[in-house]
Amino acid sequence: MGARRAGAWTALGPLLWGCALALRGGMLYPREGPSRERKDLDGLWSFRADLSDSRRLGFEQQWYRRPLRESGPTLDMPVPSSFNDVGQDAQLRNFVGWVWYEREAVLPQRWTQDLGTRVVLRIGSAHYYAIVWVNGVHVAEHEGGHLPFEADISKLVQSGPLSSCRITVAINNTLTPHTLPPGTILYKTDTSKYPKGYFVQDINFDFFNYAGLHRSVILYTTPTTYIDDITVTTGVDQDTGLVNYQILTQGSEHVRLEVRLLDAEGREVARGTGGQGQLQVPAAHLWWPYLMHEHPAYLYSLEVSMTAQTDAGPVSDFYALPVGIRTVAVTESQFLINGKPFYFHGVNKHEDADVRGKGFDWPLLVKDFNLLRWLGANAFRTSHYPYAEEVMQLCDRQGIVVIDECPGVGIVLPQSFGNASLQHHLRVMEELVRRDKNHPAVVMWSVANEPSSFLKPAGYYLKTVIAHTKALDPTRPVTYVTNSNYAADLGAPYVDVICVNSYYSWYHDYGHLEVVQLQLRTQFESWYRTYQKPIIQSEYGAETIAGFHEDPPLMFSEEYQKSLLEQYHLVLDQKRKEYVVGELIWNFADFMTNQSPQRALGNKKGIFTRQRQPKSAAFLLRDRYWKLANETRYHRSVVKSQCLGNSPFTQ
Ligand code: GCB
């Protein structure tokens, strides 16, 4: 129960930040303001899958040179959305290779004529590999489907009498042993069984490899001298909040920076100047998780104003960043937020829904958050890849704590632990930390889910990714999620928290609920005895077809899911008094997977259906989570008033 690592992630100050980042440039979320405009390109795009045998016809014929419709027939394709499920065509649903998106964007006159304006094209997510052209000119390439990338297109759109530009994006969803997540293309060469050239995409993860433009495509502007990145870390000294900031600018050496911190009512509580410093906030309102405080999720606003003298005259830029003041620390047996023990009672999610696949959708997002609050969940893990920025923003605003996971899922083949994979994995962590570092809701990074951590090269690989992540962000603990045996796990010595997945009485001893307690107890005790680190039960659950009922419980029935959960809860209730610091159900909702004899229209371990309707287990979990919330609350009145005040549901 010691405090060996306590404080390791608190208030280390801004100087440590950013120094290890190899990436150039920031990735601030595009916000409108006095010096910035934004134009969303959501809606219908032209679309064409390259169905040629080689999948390279689009490049051979240079489809980006002319409007896509001139190269052949195109479809209307919604953005954001996966392309797989919107059509009636099995070939498109299961397509592997290059698809082409195109859209004409009308530009405000000032954007094309004012040379002091910088025009940026930003793609929130293109899965998996993307090449982008504007008016036929190559402007960007990006690998990895879950993180944003940008291109400065000012020169292109300001080079002639243009009032619009044509944006073409070619996207390839092929996964190889060196992508993240990895996959393998299997060529089936037995011509007595398969047609010539036949291949399939093989993957070692359990969700459908949806593809396309999954998040918004945005055009936005800044001045040509501009605020490029802001990094904030926070600490607490007695009741004074400490806000360390570091600001990077581009475009001129001679800039003046002023920062003001405003409280939620818009009153200035601190101010400073220069590119880095510390603001002190007396009697600070801390950012607390949902259900942990009377006023959770308190956000300040850090207003950064830049002025610069340039050859073209004075320039100013402005960016307002939401800031939550909080600390995170880990001891041998506790996870502390603002110095108080925090118990994760939450879910694992997926970005997944009917029709749109992994496409971002506001109604779905709000529905999911209403369900989380209804459940009394205080946390989720972004299994198994970074979620949309808007999701993270809502977590900040509602106090939902996040374990932020990178797409390191299905890393099981020896060749996926080589140097090419490692270098890419390090870069993905840089992109993830760059994007999500300022979210108070993010309390821990997860660098992988269930890698083959018992393989020899996995030890070095995981150690390196964890060390790199800690160098990028010394303010948060780092973990990965394991399903290995405690004695064989080569990465566990390097993590701060042990996250372990287990499926007793589901994948092992199926049907035998009577062994769950013994096996789970053995699991916890072995891991703790070996590593003396706090443990999160990061997955557990049972496949359940909504509407199937069997009593006594049988597998796949709602009763079995409930009983299995109850068995887990009995042990969790003992061990959470010792060193278990969280439980995350697998899964929040049913989700689509590859077709296989083990999956009936996808993975059915959701406590909600894919359409977000509750199975019986949702009510069980709701009772439990509210009980847990009541135990950890500060005042008896807190939970009730939060529930009544902020949610349409009452207890
Ligand atoms: C796991 C994986 C998750 C799967 C789940 C299952 O351990 O982490 O991606 O979906 O098990 O249902 O098999």
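The side chain of Arg476 gets to within 2.8 Å of the backbone oxygen of Lys437. That comes from a predicted model, as does everything that follows. A polar contact, again at 2.8 Å, links the Arg476 side chain to the side chain of Asp473. As for where this arginine sits, Arg476 belongs to the loop that runs between α8 (456-472) and β29 (478-482). Despite its charge, Arg476 has a relative accessibility of 3%, and it counts as buried because that value is under the 20% cut-off. So the picture for Arg476 is a buried loop residue with a side chain that reaches Lys437 through a backbone oxygen and Asp473 through a side chain.

On to the ligand. Which residues come nearest to it? The shell holds 13 residues, and Asp206, His384, Glu450, Tyr507 and Lys605 are the ones that come nearest. By class, the shell splits into 4 nonpolar, 4 polar and 5 charged residues. Several side chains place an N or O atom by a ligand oxygen. For Lys605 the separation is 2.5 Å, for Asn603 it is 2.8 Å, and for Tyr503 it is 3.4 Å. How much of the ligand does the protein bury? On its own the ligand would expose 320 Å², and 91% of that is buried by the protein.

Thr224 sits in the loop between β14 (217-223) and β15 (226-237). Thr224 is partly exposed, with a relative accessible area of 36%.

Most residues other than glycine have a negative phi, and most peptide bonds are trans. Against that background, the peptide bond from Ser383 to His384 is cis, with omega near -10°. His384 lies in the loop between β26 (379-381) and α6 (389-398), and it has already turned up among the residues that come nearest to the ligand. A cis bond also runs from Asp551 to Pro552, this one with omega near 0°. Pro552 is placed in the loop between β31 (535-539) and α10 (558-575).

Positive phi values show up at Arg55 and Gln62, neither of them a glycine. For Arg55, phi is near 65°, and the residue falls in the loop between β2 (43-49) and α1 (57-60). For Gln62, phi is about 50°, and the loop in question runs between α1 and β3 (75-79). Are these two residues buried or exposed? Arg55 is buried, at a relative accessible area of 19%, whereas Gln62 counts as partly exposed at 31%. The Arg55 call is a matter of the cut-off: it is buried because 19% is under 20%.

Last come the cysteines. A disulfide is a covalent bond between the sulfur atoms of two cysteines. How many disulfides does a search of the whole structure find? The search turns up 0. Cys395 is in no disulfide, as the nearest cysteine sulfur belongs to Cys499 and is 17 Å away. Cys395 is also buried, with a relative accessible area of 0%.

Conventions. Residues are numbered from 1 along each chain as its sequence is written. This is a predicted model: local features need pLDDT of at least 70, side-chain atom pairs count only at pLDDT 80 or more; totals for chains, interfaces and linings use all residues. Side-chain values use heavy atoms; hydrogens and water are left out. A residue is near a molecule or strand if one of its heavy atoms lies within 4 Å of it. A polar contact is a pair of N or O atoms within 3.5 Å; within protein, one must be able to donate a hydrogen and the other to accept it, and residues adjacent in sequence count only if both atoms are side-chain atoms. Accessible areas come from the Shrake-Rupley method with a 1.4 Å probe; for residues, only the protein chains shown count as cover. A disulfide is a pair of cysteine sulfur atoms within 2.5 Å. Buried means under 20% relative accessible area, exposed over 50%, partly exposed in between (1.4 Å probe, protein chains only). Helices (H or I, at least four residues) and strands (E, at least two) are DSSP runs, numbered from the N terminus.
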